[in-house]
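Work through the exercises below with the sequence and the model at hand, and try each task before reading its solution.

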Amino acid sequence: MIYEIVGNEGVKQNGIYKVYNNDKWMHIMSILDIKKMIPVPEGVYQRIDFKLLEDFKYKDLFEKEYKFCLSIKAKILLKAEKIYEKQKVMGIVRKANCHFEILENAMLEWSKKTCTNPSILVK
């Protein structure tokens with residue numbers, strides 16, 4: 001869960017909240033579902049410049065989510081590696097998980113057809 005802790009004054013009508021303690025709430029902003037990660041080749045994605053976002057609410061939410069993820073970056077990466085390695089070693093794709101090998105092969109096939117420099121895909 002990606003969340004922020006707010007007091008009673010920070011609770012908004014359409015938000016999703018969970019009790020944190022007597023006078024604080026956990027405002028759930030989104031979910032980072034690592035088991036559904038997909039491979040994306042270099043050059044087919046771009047960074048988002050938050051300063052260019054025009055919708056203030058969306059920009060605010062995006063910045064909060066990004067800051068939260070940065071604060072637990074090591075934990076996220078460790079968990080992602082653990083899920084990935086376990087699937088690769090055991091060969092078992094758990095329910096609701098992406099099948100990483102199939103996705104990687106599909107990404108490589110797609111990249112061979114569309115990428116001018118496929119050597120950047122293999123690391």
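A salt bridge is taken here as a side-chain nitrogen of Lys or Arg within 4 Å of a carboxyl oxygen of Asp or Glu. The model is a predicted one, in which local features need pLDDT of at least 70 and side-chain atom pairs count only at pLDDT 80 or more, while totals for chains, interfaces and linings use all residues. Residues are numbered from 1 along each chain as its sequence is written, and side-chain values use heavy atoms, with hydrogens and water left out.

**Exercise 1. Find the salt-bridge partners of Asp-33, and state how accessible the residues involved are.**

Solution. Begin with Lys-35, which forms a salt bridge with Asp-33 at 3.0 Å between the closest N and O atoms. Next, Asp-33 also forms a salt bridge with Lys-36, where the closest N and O atoms are 3.1 Å apart. Then compare the relative accessible areas with the classes (buried under 20%, exposed over 50%, partly exposed in between, with a 1.4 Å probe and protein chains only). Asp-33 has 29% and is partly exposed; Lys-35, with 30%, is partly exposed, and Lys-36, with 42%, is partly exposed too.

**Exercise 2. Locate the salt bridge between Lys-88 and Glu-104 relative to the helices.**

Solution. The side chains of Lys-88 and Glu-104 meet at 3.1 Å, N to O. This pair links distant parts of the chain, since Lys-88 lies in helix H2 and Glu-104 in helix H3, 16 residues apart. Helices here are DSSP runs (H or I, at least four residues), numbered from the N terminus, as are strands (E, at least two). Helix H2 covers residues 73-90 and includes Lys-79, whereas helix H3 covers residues 100-114 and includes Phe-100. As for accessibility, Lys-88 is partly exposed at 36%. Elsewhere, salt bridges that share partners join Glu-4, Asp-60 and Lys-64 into one network, and the structure holds 6 salt bridges.
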